[in-house]
Amino acid sequence: ITPAYAVKHAIDKLYPGEYQVDVVDFAYEVSAHFTDRFLKSSWNGALTFPFLTKLVFNILNLMYPVVSSKTLCRTIFWSWLKKGSRYIVGYNPDIVFSTHFLCSSIACWAKTNNKLDYKIISFMTDPFGGHKLWADARIDKILVSTVQAKYYLQNTGIREEKIHIIPYPLKEEFFKNSISEKSIKKNGKMTILVSYGGQGRGKIHKIVKSICKADLDCNLIVVSGDNKKLASKLEKFKNKLNSRVNLSIEGYVVNMHEFMKG
């Protein structure tokens, strides 16, 4: 949802008051609660176990187009499809900008079945490809952030004229010079920032242990996101730390741009 907010902020700044742009957490917004929980928990699982995630992607790719975002919506996510379609019809948009392949598919289904004329623009958040569920020929335009992603979609049958390369949408703050009030003082040392996104899943603890074991004379800032279990584990590790590493642990932050710049 973060790229969608970045696009909204850009439009609001460039064209103040000219367009109504609403960002919604789609499954949650339409009260598809089971789907919402499933999607978010499966995403956390995907971040925690990247090997299994890649395996699932490969299986999906082998089964495409029998298994596609279209077929998934009409079977497993049928309830979300119906609720989401009603929501879109009631909203009556001019453009649907989607950052999730299933949301794009629902928008396509709602458009066709209700004979609506809005445009559907999908931004593929996987920078290099990921899986073929992103490939949906019904979408008007698919935006990607790399040449590799463009070729990936073309190889799945999407026409070249439907694909456009744009910079990955980031909030304006990432392009400004700013100094973090929260980041630790560098003291002339190299500073390392470790983050695995807002969920804080992945190999953070392993990376931190490796850096500390190497006894590097550095500052180490760890952003653990909303993973409270990880934050607690890191705090216990820090209390027993005997290393030159100056370890600072942050939780979920809204000023990542400051940590990156500072």
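Predicted model: local features only at pLDDT ≥ 70, side-chain atom pairs only at ≥ 80, totals over all residues.
I started at Pro65, which sits in the loop between helix 4 (50-63) and helix 5 (69-74). Residue numbers start from 1 along each chain as its sequence is written, and side-chain values rest on heavy atoms, without hydrogens and water.

I looked up the peptide bond from Tyr64 to Pro65 and found it cis, with omega near 5°. Most peptide bonds are trans, and most residues other than glycine have a negative phi.

I placed Ser31 in the loop between helix 2 (26-29) and helix 3 (33-48). Its relative accessibility is 36%, and Ser31 therefore counts as partly exposed; on this scale buried is under 20% relative accessible area, exposed is over 50% and partly exposed is in between, with a 1.4 Å probe and protein chains only.

Asp215 is another non-glycine residue with positive phi, about 55°. Asp215 belongs to the loop between helix 9 (204-213) and strand 6 (218-223). At 30% relative accessibility I logged Asp215 as partly exposed.

I traced an open sheet of four strands in the order 1-2-3-4, paired in parallel. Two strands count as paired if DSSP finds at least two bridges between them. The edges are strand 1 (95-98) and strand 4 (163-165); each has a single partner strand, so one side of each lacks a neighbour in the sheet. Ignoring direction, neighbouring strands here are turned by 20° against each other on average. For such angles, axes are lines fitted to C-alpha atoms (for helices over the stretch in contact), and the range is 0 to 180 degrees between N-to-C directions.

Strand 1 pairs with strand 2 (residues 119-123) over four bridges, in the parallel sense. Ser98 is opposite Ser122 in strand 2. Ser122 is buried, at a relative accessible area of 1%. I listed the contacts of Ser122 outside four places in sequence: Ser98, Ser104, Trp134, Ile139, Lys141, Ile142 and Leu143. Contact here means heavy atoms within 4.5 Å.

Helix 7 (residues 101-113) lies across strand 1 and strand 2, at about 170° to strand 2. Helix 8 (residues 147-155) lies across strand 3 (141-144) and strand 4, at about 170° to strand 4.

I then checked Phe101, a residue of helix 7. Is Phe101 buried or exposed? Phe101 has a relative accessible area of 14%, so I logged Phe101 as buried. Its contacts, leaving aside neighbours within four places in sequence, are Ser69, His131, Leu133 and Trp134.

An open sheet of three strands runs in the order 5-6-7, with parallel pairing. Strand 5 (190-195) and strand 7 (246-250) are at the edges; each has a single partner strand, so one side of each has no neighbour in the sheet. From one strand to the next, the twist averages 15°.

I counted five bridges between strand 6 and strand 7, paired in the parallel sense. Val223 is opposite Glu250 in strand 7. Helix 9 packs on this sheet and touches strand 5, strand 6 and strand 7, with its direction at about 170° to that of strand 6. Helix 10 (residues 228-239) also packs on the sheet, touching strand 6 and strand 7, and its direction makes about 160° with that of strand 7.

**Entry: second largest pocket**

How much space lies in the second largest pocket? I noted about 360 Å³. A pocket is an open set of points on a 1 Å grid over the protein atoms alone, where a 1.4 Å probe fits and protein lies on both sides within 12 Å along at least five of seven lines; lining residues have an atom within 4 Å of a point. Points are joined across faces, edges and corners, and the volume is the space filled by probe spheres set on them.

The lining has 17 residues, and those closest to the pocket centre are Ala6, His9, Ala10, Leu170 and Glu172. Helix 1 (residues 2-14) contributes most to this lining, with six residues. I sorted the lining into twelve nonpolar, one polar and four charged residues. Nonpolar covers Ala, Val, Leu, Ile, Met, Phe, Trp, Tyr, Cys and Pro; charged covers Asp, Glu, Lys and Arg; the others, Gly among them, are polar.

Methods:
Helix = DSSP H or I, 4+ residues; strand = E, 2+ residues; numbered from the N terminus.
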